[in-house]
Amino acid sequence: MNDEDPPKKDEPVVPVEPVIDEEEEQEAAKKESGLIPSLPYPDQLYIMPLNRRPFFPGMAAPIVIEPGAYYEVLKIVSKTDHKCVGLFLTHQEDVNIYKIGFNDLHKVGVVARILRIIPMEQGGVQVVLNMEKRVVIEKPVKSKHLLAQVSYHDDTPLAHLSRQLKAYSISIITTIKELLKLNPLFKEELQIFLGHSDFTEPGRLADFAVALTTATREELQDVLETFDIEKRIDKALMLLKKELDISKLQSTINQRIEATISKTQREFFLREQLKAIKKELGMEKDDKTIEAEKFEERIKQRKIPEEALKVIREELDKLGSLEMQSAEYGVVRNYVDWLTITPWGIYSKELHDIKKAEKVLEEDHYGLKDIKERILEFIGVGKLTGGVKGSIICLVGPPGVGKTSIGKSIARALNRKFYRFSVGGMRDEAEIKGHRRTYIGAMPGKMIQALKYCQTMNPVIMLDEVDKMGASYHGDPASALLEVLDPEQNKDFLDHYLDVRVDLSNVLFIVTANVMDTIPEPLKDRMEILRLSGYIQAEKVAIAQKYLIPRNRKAMGLKPKDITFTKGAIAHMINGYARESGVRTLENNLKKIMRKVALKFARGKAPKAVISEKTLKDYLGKPIFTSDRYYEVNPVGVTTGLAWTALGGATLYVEAVSYPSEKTEMKLTGQAGDVMKESAQIAWTYAQANVRRYAHNIPFFEKSQIHLHIPEGATPKDGPSAGVTMTTSLLSLLLKTPVRNNLGMTGELTLTGHVLPIGGLKEKLIAARRSKINVLIFPKENQRDFDELPEFLKKGLEVHFVDHYDDVFKIAFPKLKVYHEERVAPKKARRARAS
């Protein structure tokens, strides 16, 4: 059951004029004149619940009744002579009115008489009710529908009003008049009430006044339940005054808003008039003209190729014919903006001063002699040819070794602008080649954005983390880079958004990566690859003293006299807290110490801080690393290998143990990859096939099972270079002889015993020095890589280069001999077969 167009929370339910026809008016007039006696009210009433607001006597209102239980009640009541029904408010507003009982209803309501029933097209009816007097539920009557025994309440007629009631009545009328000034909506309702009521009836006046308010349902019900007229009119006046205060506040807010809007509109009209006057006098131009002049000025400042200039002119003509309010105007304007802001023909004046470039590189980086030499070679070629053109440098190395900062140094040495962006995780080729203009929010790719940012056609552009690019249904950005990084193609680079050819051949591209494995081969083929290995301890100490400590000390607001680091403290920090290949962790630890010192100075109670080996743990806690070496002296079956990872070099132990078993076989653990598993199988086969050569008269693990393990099982491991290490562990176990102390080895083993070359020699050498391993075995073909290393890396090491496992065995087990040494070299063997 719903009110038709029910009032909102802040709108009052007001009495409306009853909708009755002429016959009903005549009947009502006869009743008032006494010609027809008024119909009596029944002792029992059917009850209809209201869940929004109660009605008051003297009101007439339409109510919509949907098909259901209350529709049946309406049919029953409409057939009675009295046509009366009781309307009572529910205790809870959100209650389901079809599942309620008398306990869910207030005891006081109104009796309403049906005036008219109007059927509705969508089902149900609209019934017009006239609220006549208060009614009280005495007791429920057993029935299919809500039926109750009721009693009626009439306001006691007053022969004359008391002074107090008159005062109340006048206050209410005055308040209503003030309310009418603020809210003219009630004027018509007041006139209807005046036509049917007399203000000498204070009860009727109170009911009418309350109906005008937006009071809560509980407050309205309280007034309805108040039978005493003085109390009722007092409550009505309170609610009316509250309504007046709300209306005044609302009026004040509206006036303030209207005043602000009026002021804004006035200023807008005045500005428009001023703009029109200035335009007529030639003192000001419209926005469209200003935009066009800005684009023309850019065209004059640039040497634009003919093809691009033709497109710009066509788009400018189109822009002139479009209205600024049209959607296409914004699209064309943005396109012309990008075309004209691209720095066509603008180049940075390049410096080819070798001495200055060398000085810049030395200032910014310590060590990296081979990398600096290669960069100076590039600059030297540029000096002879007139510019560094068509060069794509790829810097490969572990994190924190200075790849990004080298790119900045190159740009500074060449006096070029520098732009860096990361392609790690990039999955959409539009990031490189731009979006087509048909899409909303389309924009050029990163290459054109870089040119716009640098405002030169020959910047240094760094593409970071190229090894971490992805691919998706949007496209493959690695393939899109093929055009960008190919000197033969990038002179005619076509961005999807600009749709005109752009020359990128003067751009120096620098690409960085941690590993080369994930970079597509066609992309590798286009790049000059420079490898940056990790730093050894001596280099890290020098970098900390020369760069990291001064830079971070200044950033923390400390002076050189406030904090000093001893050389031993830095070395201990590197060994115990920062063993990675780069210097990021070392720098973070230095920052941590400096922050603690800065806090002490901020508190005002700090002497000069001297960071030594003894005081280091007070700032950084206990060392994270104690030693890379699990064994000071290797036991039987344990061999130290050298491994390469994306983070640099590392030592790697291979452990072998045997236990009784019916079947002789080997199992491998330690999260080894497929290639490493194959290396283990080759080592097992080679050791078994050549057992007489290395373990004369010793059976090969009869009735024993061998377990080969690589410690740190949580770390994935792969690669072929552990072949000689695994073979040595197996032979050590078989011979029950430990491997030579302080020995580390690396090399790929074949089934015939040949040792093949490996990669990452420098990183592995650094890892060996860090672990204080001074005897090393490398494949013979890696000797040229070793010879290129700086002397300080090779100093103090005993390095052996081998081409067959026999040589490895002699070094690993110096007290044992190889039997049947009549092994011939591969070339001699071929000659023997031929003869």
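Which charged end sits over the ring of Y335? The views below start there. Everything shown is a predicted model, in which local features need pLDDT of at least 70, side-chain atom pairs count only at pLDDT 80 or more, and totals for chains, interfaces and linings use all residues. Residues are numbered from 1 along each chain as its sequence is written, and side-chain values use heavy atoms, with hydrogens and water left out.

**View 1. Charges over rings.** It's R437: its charged end sits over the ring of Y335, 3.8 Å from the centre. To count, NZ of Lys or CZ of Arg has to be within 6 Å of the ring centre and within 35 degrees of the ring normal.

**View 2. F700 and F701, an aromatic pair.** The structure holds 16 aromatic pairs. Rings of Phe, Tyr and Trp (its six-membered ring) pair if their centres lie within 6.5 Å; planes under 30 degrees apart are called stacked, over 60 edge-to-face, and the rest tilted. For F700 and F701, the centres are 4.9 Å apart and the planes at 70 degrees, so this pair is edge-to-face. Both F700 and F701 are buried (buried is under 20% relative accessible area, exposed is over 50%, and partly exposed is in between, with a 1.4 Å probe and protein chains only).

**View 3. The loop that carries F701 and K703.** F701 is in the loop between α23 (691-694) and β20 (704-709), and K703 is found in that loop too. Helices (H or I, at least four residues) and strands (E, at least two) are DSSP runs, numbered from the N terminus. Phi of F701 is near 50 degrees, a positive value in a residue other than glycine. K703 also has a positive phi, about 50 degrees, although it is not a glycine. Buried or exposed? F701 is buried, with a relative accessible area of 7%, whereas K703, at 60%, counts as exposed.

**View 4. Strand β24, covered on both faces.** Five of the five residues of β24 are buried, so the strand is largely enclosed by the rest of the structure. In a regular strand the side chains alternate between the two faces of the sheet. Here V775, I777 and P779 are on one side and L776 and F778 on the other, all buried. As for neighbours, β24 pairs in the parallel sense with β21 (residues 743-745) over three bridges, and with β25, again in the parallel sense, over five bridges. Two strands pair if DSSP finds at least two bridges between them. V775 is the bridge partner of L743.

**View 5. F778 and F801, ring to ring.** F778 stands opposite F801 in β25. Their ring centres are 6.3 Å apart and the planes are at 40 degrees, so the pair is tilted. F778 lies in β24 (residues 775-779) and F801 in β25 (residues 798-802), so the pair ties together parts that are 23 residues apart in sequence. F778 is at 0% relative accessibility and counts as buried.

View 6. K133 is in strand β6 (residues 125-141) and D154 in the loop between β7 (147-153) and α3 (163-182), 21 residues apart. K133 counts as buried at 12% relative accessibility, while D154 counts as partly exposed at 46%.

**View 7. R416 with E350.** In this salt bridge, the closest N and O atoms are 2.4 Å apart. R416 lies in the loop between α13 (403-414) and β9 (418-422) and E350 in the loop between α10 (327-341) and α11 (354-364), so the pair ties together parts that are 66 residues apart in sequence. R416 is buried, with a relative accessible area of 8%, and E350 counts as buried at 16%.

**View 8. A salt-bridge network.** Look for E291, K294, R298, R333 and D337, which are linked in a network of salt bridges.

Note on methods: Salt bridge = Lys/Arg side-chain N within 4 Å of Asp/Glu carboxyl O.
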